[in-house]
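This briefing covers one chain and its contact with a neighbouring chain.

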Amino acid sequence: MNDITAAAAPEAARKRHGSLLVQDARTKTRNASETRFRRLGLLAVALGMLALVGLLGSILSNGLSAFKQTYLQVEVFLDPAKLDKTGSGDLAQIAKVSTFGYAPLIQAAMQGAAKEAGVDTSALPAKALGQMVSKEAPATLRNFVLASPEKIGQTVSFSLLANGRIDGYFKGRVTMESAALDRNISPEQLAFADQLKAAGVLETKFNWAFFTAPDASDTRPEAAGLGVAILGSIYMMLIVLCLSLPLGVAASIYLEEFAPKNRFTDLIEVNISNLAAVPSIVFGILGLAIFINLVGLPQSAPIVGGLVLTLMTLPTIIIATRAALKSVPPSIRDAALGVGASKMQSIFHHVLPLAMPGILTGAIIGLAQALGETAPLLLIGMVAFVREYPAGPPEGLFDPAAALPVQVYNWTQRGDPAFVERASGAIIVLLVFLIVMNTAAILLRRKFERRW
Amino acid sequence: MSYAKTAVSAVALFAAATTSAAARDNVQIAGSSTVLPYAAIVAEAFGENFDFPTPVVESGGSGAGRKKLCEGVGENTIDIANSSSKIKQSDIDLCASNGVTEIMEVRIGYDGIVFASDISGPAYAFTPADWHSALAAEVAKDGVLSANTNTTWAEVNSALPAEDILAFVPGTKHGTREVFDDKVIVAGCEENGTFDAHMAANGGDKKAAEKACMQLRTDGKSIDIDGDYTETLARVDANKNGIGVFGLSFYQNNTDKLQVATMGGVVPSVDSISTGEYPVSRPLYFYVKNAHLDVIPGMQAYIEFFVSDEIAGPDGPLAAYGLVSDPELAKTQDMVANRVPMAPLN
């Protein structure tokens, strides 16, 4: 026995004097610091949750109402004196009547609806009645008449959008007090809307148009929808998927399995990691310079957006794929080579299928990132007012389109307060898309992942 | 094997890119965010009433829009630039160097700039001199320039409420700021006598004196807003004594939250701006690349539709949204019909 243990022994012996159930001072401090750390961790989680709840709460409380919309069920008399002055039934003549010519019909229809519902509208001028219907309504009527001109002279039942302010009243955004101060709506109109609702003329329905209708101008927030934006986002994601997955996987297989390890490949590796961290706006500048100015691709088109986002997603996919390939144990490769497979056979028949869950997860996360990206699209003209649906692919890839995050950005800049609701609604749609994609990534990983 | 397929389809995609990038059948517009809502209203109505597709309208600012217009002639460049300020000689030079020689200047109407505060606060009746005295970095007191020490509006003008000065003015990248500087700050500078003091200090150099007038105080009483009017509105909402600078149409859409101040005793409205009584307004334009008129289908029709009486006239949807219609609209209609390019700037 040497001196050290001899010296330590009495120390230890002294410690054991007390009961094991009574903590001494040092144990107490150690336990206290652990408790402190746990509480801090809990606090961090709680703060994070609080921020999330606040964010979701504000988005949901503002945006859920976007999924409901107020419609008016009215009988419109398609007056031949207004729509077909010559009486010839000639479509070219009927088409000459612009949407402005349809406004009196709607005004008359509103008066008719009021009479039928037994509401006294003498307090309201006829023009105020017409204003309660969306400015989108004349276009709805005109499209109907042009599609079936034989209906002129008949009375047809229409479901027309109510004005955004009326819609806001039933969603709690507009009140009698605010209407008194608002030059776009009067309390009398709101009171009349209440009576129409009681009479069943006015009803609130699920807003399918929010998913299918194109964007609308500032004067008709009630008609604005996400149709073009969703289509544009889908097109871009298709391009990103078709380009970045094969390119990224091919690049990673070469780098991981075939490329010699030297300075040059090290340099490439560092550059790929760097590119993954480059701000996305840089890719937008690159896209503008190369794809639009040099190659001459059209502005505002999903093809350019998709190419730019492909560049942005590539590093993410390459890094994820390389990590997935690395995690496949070398014994698999050795066994394949051992039974006489070529290097390529060993990779494509054995390594790649085992790495697939990791690659797919990386690709989906990269796609989700690209789906929410706005900044690079700013520079290639996709932050725009687009009302025409792009055609089906592949020609449609060259037509102008919007994208979901861009639509959110656009709507937050509009003057009419009704667009706040639309923007929050669009955020909810975007979040649902992201949640679905991320869930798919998790499920794929759970289902196919193998642990070694 | 599916990788090979996707790779092939990717190559096919690129091949398609080079072939079908040729014909564009929609009008492309970019530029001022002030003109954007009006252009969107017209584009929407145009798409509804004509067989041509709805034009695509981008925002991004007047200067950026004009620069894009001047990038050259060809289908991957824009056709029309919206602008809330007049085109500059530098833009015209850039255009000329890129082969864009004929540009048509179309004035669509006038836009009023209003000063508004929270609806629950006191009412304000301003003059340009009040604004300069409240916000300028230096004001003249008995002919002597000194740093601005006013903290409440009542100190500036005893007729105003005793509220702390807090103004949200458009940032320098906005076209609105130019008008604000010119028609309010410099005009006020001349009214309250500071201009003369600056003239004396700068040895009679008018440009330097105007520049000195436009120096706003940096002690947090005047805040530049680089975002949109929605941001200004949010700031006024959070600071009840704040006064924001808005476009007339934006104010008209938010009359339940904002109350408008008079300027020089005049309430801003479409009427008072069209008669010229209300002093703070500016013309809005769009610039047309004439070389594209026969190439892009519907472009001529769109321009003519934009300046037609039923759209840009005093009873049209643009006026209803807050645009002050141009009394010389008939002249503009003639010019557009004859495709008269703009004369050189003098």
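A residue is buried if 20 or more other C-beta atoms lie within 10 Å of its own, exposed if 12 or fewer, and partly exposed in between, with C-beta atoms placed from the backbone. By that count, 47% of the 346 residues in chain B are buried. This is a predicted model, in which local features need pLDDT of at least 70, side-chain atom pairs count only at pLDDT 80 or more, and totals for chains, interfaces and linings use all residues. Residues are numbered from 1 along each chain as its sequence is written, while chains are lettered from A and ligands numbered from 1 in the order in which they are written.

**Chain B**
- Chain B has 16 helices and 14 strands, taken as DSSP runs (helices H or I, at least four residues; strands E, at least two) numbered from the N terminus.
- The C-alpha trace of chain B spans about 80 × 55 × 40 Å along its principal axes.
- Two residues are in contact if their C-beta atoms, placed from the backbone, lie within 7 Å.
- Of the contacts in chain B between residues at least 6 apart in sequence, 74% join residues at least 24 apart.

**Contact between chains A and B**
- Chain A contributes 42 residues to the contact and chain B 43 residues.
- On the side of chain A that touches chain B, two or more residues each come from α7 (137-147), α9 (176-181), α12 (227-258) and β4 (384-385) of chain A.
- The most is given by α12(A), with five residues.

**Strand pairing across the chains**
- Strands pair if DSSP finds at least two bridges between them.
- β4(A) and β2 (residues 56-58) of chain B run antiparallel and are joined by two bridges.
- F385(A) has V57(B) as its bridge partner in β2(B).
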